[in-house]
Amino acid sequence: MADRLNWQTAYLRLEQARRTLEAGRNPLPEEVKRILRDRAQALAKPLAEVRTPAEALDLLVFSLPGERYGIETAHVRGVISLRDLTSVPCTPPVILGVVNYRGRILPVLDLRGLFKLPGQGITEGGRVVAVEAGGMTFGISADAVAGTIRVAAHEIALSPVTLSAGRHACIRGITGEMIAVLDLEALARDPRIVVNEEVGG
């Protein structure tokens, strides 16, 4: 009978179709080699350099006789004229006195005395830089305030070993323009600025 199903022919056709489908799913060996080669070349490429913004410090720069110092502006609360200074008994020599700063009594630190710099007393036109560090607010006496600058952190070199130990501990480093960057946290912990509250009888 012409319409009778030939099972053997059907089986052969199905087997041929299966092989065709499998050949379509699986790439040829040459194609596999090409894909692996492309992947290897892609992985062998150097990673793109990840650029991160350089850390920078914003500094308020002020001067003392023959030297310039910088304070991170994050610590600075303001700058006022050095006037109406009131001396306070039983304070270390490096505390010039106190001033009224926005309704608060602000002790004023004399870095010249602390760092054994030349010159004494208060200069005409002097300033007080009000800072906050170590949980304290205090002022630093300055002859003049130059303004603010931005310095990349990697441009700050370690402070010279020739500095005295007491000065070295309070200076974070030196910029390329020879500005000594103060370590305010270390300065606030310095025992030389601790006020002795005991009054001798």
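How many bridges join strand β1 to strand β8, and do the two run parallel or antiparallel? Eight bridges connect β1 (residues 56-64) with β8 (residues 144-152), and the strands run antiparallel. Please keep in mind while browsing these views that the model is predicted.

**View 1. Strand β1 between its two partners.** On one pairing, β1 meets β8 in the antiparallel sense through eight bridges. Within that pairing, F62 has V145 of β8 as its bridge partner. Strand β1 also pairs with β2 (residues 67-72), again antiparallel, over six bridges. Here F62 stands opposite Y69, and L59 stands opposite E72. Strands in a sheet pair through hydrogen bonds of the backbone, in either a parallel or an antiparallel way.

**View 2. The turn from β1 to β2.** Zoom in on the hairpin of β1 and β2, where two residues lie between the strands. In this hairpin, G66 adopts a positive phi near 75°.

View 3. Five strands make up an open sheet in the order β8-β1-β2-β10-β9, and the pairing is mixed. The edges belong to β8 and β9 (171-174), each of which pairs on one side only. From one strand to the next, the twist averages 30°.

View 4. The model contains two aromatic pairs. Why does the pair of F62 and Y69 count as stacked? Their ring centres are 5.8 Å apart and their planes meet at 25°, which is under the 30 degrees used as the limit for stacking, so the pair is stacked. Y69 also pairs with F115, this time in a tilted arrangement, with 6.0 Å from centre to centre and 35° between the planes. Together, F62, Y69 and F115 form one aromatic cluster.

**View 5. The largest nonpolar core and a separate one.** The largest nonpolar core holds 28 residues, and L111, I140 and L182 have the most contacts inside it. At least two residues each come from β1, β2, α3, β6, β7 (136-142), β9, β10 (179-182) and α5 (184-189). A second, separate core has seven residues, among them V99, Y101, L106 and V128. In soluble globular proteins, nonpolar side chains tend to be buried together.

**View 6. The surroundings of I140.** Which residues does I140 contact once its neighbours within four places in sequence are set aside? The list includes F62, I71, L111, V128, L182 and L187. R127 is also one of the residues in contact with I140.

**View 7. Two cysteines, C90 and C170.** The model has zero disulfides. C90 has a relative accessible area of 31%, so this cysteine is partly exposed. C170, by contrast, counts as buried because its relative accessibility is 1%.

Technical notes. Residues are numbered from 1 along each chain as its sequence is written. This is a predicted model: local features need pLDDT of at least 70, side-chain atom pairs count only at pLDDT 80 or more; totals for chains, interfaces and linings use all residues. Side-chain values use heavy atoms; hydrogens and water are left out. Two strands pair if DSSP finds at least two bridges between them. Helices (H or I, at least four residues) and strands (E, at least two) are DSSP runs, numbered from the N terminus. Axes are lines fitted to C-alpha atoms, for helices over the stretch in contact, and angles run from 0 to 180 degrees between N-to-C directions. Rings of Phe, Tyr and Trp (its six-membered ring) pair if their centres lie within 6.5 Å; planes under 30 degrees apart count as stacked, over 60 as edge-to-face and the rest as tilted. A nonpolar core is a set of buried Ala, Val, Leu, Ile, Met, Phe, Trp, Tyr and Cys residues joined through side-chain atoms within 4.5 Å. Buried means under 20% relative accessible area, exposed over 50%, partly exposed in between (1.4 Å probe, protein chains only). Contact means heavy atoms within 4.5 Å. A disulfide is a pair of cysteine sulfur atoms within 2.5 Å.
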